[in-house]
Amino acid sequence: MREQEALKYLKTAIEFYEKRVPGHEGKGEKALLELLISLEAIKDDWWEHYCESNGGSLMSFQKVNECDWCGKRNEDR
Ligand SMILES: [Zn+2]
(Lines give C-alpha, C1' and ligand atoms only; values in the text may rest on other atoms or scores of the structure.)
Protein backbone atom coordinates (compact mmCIF):
# COMPACT_ATOMS: atom_id res chain seq x y z
CA MET A 1 0.00 0.00 0.00
CA ARG A 2 2.76 2.41 0.91
CA GLU A 3 4.64 1.58 -2.29
CA GLN A 4 1.53 2.31 -4.35
CA GLU A 5 1.19 5.72 -2.74
CA ALA A 6 4.86 6.46 -3.34
CA LEU A 7 4.51 5.48 -6.98
CA LYS A 8 1.49 7.75 -7.29
CA TYR A 9 3.50 10.69 -5.94
CA LEU A 10 6.42 9.89 -8.22
CA LYS A 11 4.12 9.79 -11.23
CA THR A 12 2.67 13.16 -10.24
CA ALA A 13 6.17 14.59 -9.81
CA ILE A 14 7.18 13.32 -13.25
CA GLU A 15 4.08 14.77 -14.89
CA PHE A 16 4.64 18.07 -13.09
CA TYR A 17 8.25 18.22 -14.26
CA GLU A 18 7.38 17.40 -17.87
CA LYS A 19 4.70 20.10 -17.93
CA ARG A 20 7.01 22.69 -16.39
CA VAL A 21 10.17 22.10 -18.41
CA PRO A 22 9.62 22.71 -22.13
CA GLY A 23 11.01 20.05 -24.43
CA HIS A 24 11.36 17.53 -21.62
CA GLU A 25 8.26 15.50 -22.38
CA GLY A 26 9.03 11.88 -21.66
CA LYS A 27 12.24 12.79 -19.85
CA GLY A 28 10.75 13.32 -16.41
CA GLU A 29 11.57 9.85 -15.22
CA LYS A 30 15.25 10.25 -16.09
CA ALA A 31 15.35 13.71 -14.50
CA LEU A 32 13.83 12.40 -11.29
CA LEU A 33 16.30 9.53 -11.19
CA GLU A 34 19.20 11.94 -11.67
CA LEU A 35 17.82 14.11 -8.89
CA LEU A 36 17.61 11.15 -6.52
CA ILE A 37 21.18 10.16 -7.38
CA SER A 38 22.47 13.69 -6.75
CA LEU A 39 20.61 13.85 -3.43
CA GLU A 40 22.29 10.60 -2.45
CA ALA A 41 25.66 12.08 -3.45
CA ILE A 42 25.00 15.15 -1.29
CA LYS A 43 24.13 12.91 1.64
CA ASP A 44 27.41 11.03 1.19
CA ASP A 45 29.22 14.33 1.32
CA TRP A 46 28.34 14.82 5.01
CA TRP A 47 29.62 13.30 8.19
CA GLU A 48 28.17 13.36 11.66
CA HIS A 49 29.26 12.64 15.19
CA TYR A 50 28.04 12.91 18.76
CA CYS A 51 29.90 15.96 19.98
CA GLU A 52 30.94 15.97 23.62
CA SER A 53 31.76 19.68 23.43
CA ASN A 54 28.11 20.27 22.58
CA GLY A 55 26.55 18.11 25.29
CA GLY A 56 26.67 14.93 23.24
CA SER A 57 24.41 16.26 20.48
CA LEU A 58 24.50 14.68 17.06
CA MET A 59 26.23 17.19 14.79
CA SER A 60 26.38 17.08 11.01
CA PHE A 61 28.96 18.75 8.77
CA GLN A 62 30.17 18.60 5.21
CA LYS A 63 33.19 16.33 4.91
CA VAL A 64 35.47 19.24 4.02
CA ASN A 65 34.60 21.00 7.29
CA GLU A 66 35.61 20.20 10.85
CA CYS A 67 33.19 20.27 13.78
CA ASP A 68 32.34 23.83 14.82
CA TRP A 69 32.36 22.84 18.47
CA CYS A 70 35.36 20.59 19.04
CA GLY A 71 37.36 20.85 15.81
CA LYS A 72 37.20 17.14 15.07
CA ARG A 73 37.37 16.12 11.43
CA ASN A 74 35.70 13.31 9.55
CA GLU A 75 39.07 11.51 9.43
CA ASP A 76 39.47 11.67 13.24
CA ARG A 77 36.39 9.63 14.06
ZN1 LIG B 1 32.41 17.99 17.74
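Leaving out residues up to four places away in sequence, Glu66 touches Gly71, Lys72 and Arg73, where a contact means that the C-beta atoms of two residues, placed from the backbone, lie within 7 Å. Glu66 itself sits in the segment after β2. Between Glu66 and Glu48, which are 18 residues apart in sequence, the C-alpha to C-alpha distance is 10 Å.

The structure is a predicted model, in which local features need pLDDT of at least 70 and side-chain atom pairs count only at pLDDT 80 or more, while totals for chains, interfaces and linings use all residues. Residue numbers start from 1 along each chain, following the sequence as written. The mean pLDDT of the chain is 90, and 97% of the residues score at least 70; pLDDT is the predictor's confidence in each residue, on a scale from 0 to 100. Among the elements of the chain, β1 has the highest mean value (93) and α2 the lowest (86).

Now to the overall layout. The chain contains two helices and two strands, arranged as α-α-β-β from the N terminus on. These elements are DSSP runs numbered from the N terminus, with helices (H or I) of at least four residues and strands (E) of at least two. The chain is divided into domain 1, residues 1-44, and domain 2, residues 46-77, with bounds that come from an automatic or database domain assignment. Taken over C-alpha atoms, the centres of domain 1 and domain 2 are 33 Å apart.

How does the radius of gyration of the chain compare with that of a compact globule of 77 residues? The chain has 19 Å, whereas such a globule would have a value near 11 Å; the radius is taken over C-alpha atoms, and the globule rule is 2.2 Å times the number of residues to the power 0.38. Along the principal axes, the C-alpha atoms fill a box of roughly 50 × 30 × 15 Å. Of the 77 residues, 1% count as buried. Among contacts with a separation of 6 or more, 4% are between residues 24 or more positions apart.

Helix α1 covers residues 2-20, and its 19 residues reach 27 Å from the first C-alpha to the last, close to the expected 27 Å; the expected span is 1.5 Å times one less than the number of residues. Tyr17 belongs to helix α1 and is partly exposed, because 17 other C-beta atoms lie within 10 Å. Leaving aside neighbours within four places in sequence, Tyr17 is in contact with His24, Gly28, Ala31 and Leu32. Tyr17 and Glu29 are 12 residues apart in sequence, and their C-alpha atoms are 9.1 Å apart. Helix α2, residues 28-44, has 17 residues and spans 24 Å from its first C-alpha to its last, close to the 24 Å expected. One of the 17 residues of α2 is buried, so α2 lies largely in the open.

The bridge partner of Tyr50 is Leu58 in β2. Five residues lie between the strands of this hairpin, in which Gly55 takes a positive phi near 70°. Why does β1 lie largely in the open? The number of buried residues among the six of β1 is zero, so β1 is largely open. Strand β2 also lies largely in the open, because zero of its six residues are buried. His49 is placed in β1, residues 46-51, and is partly exposed because 18 other C-beta atoms lie within 10 Å. The C-alpha atoms of His49 and Phe61, 12 residues apart along the chain, are separated by 8.9 Å.

Key. Buried ≥ 20, exposed ≤ 12 C-beta atoms within 10 Å, placed from the backbone. Pairing = 2+ DSSP bridges.
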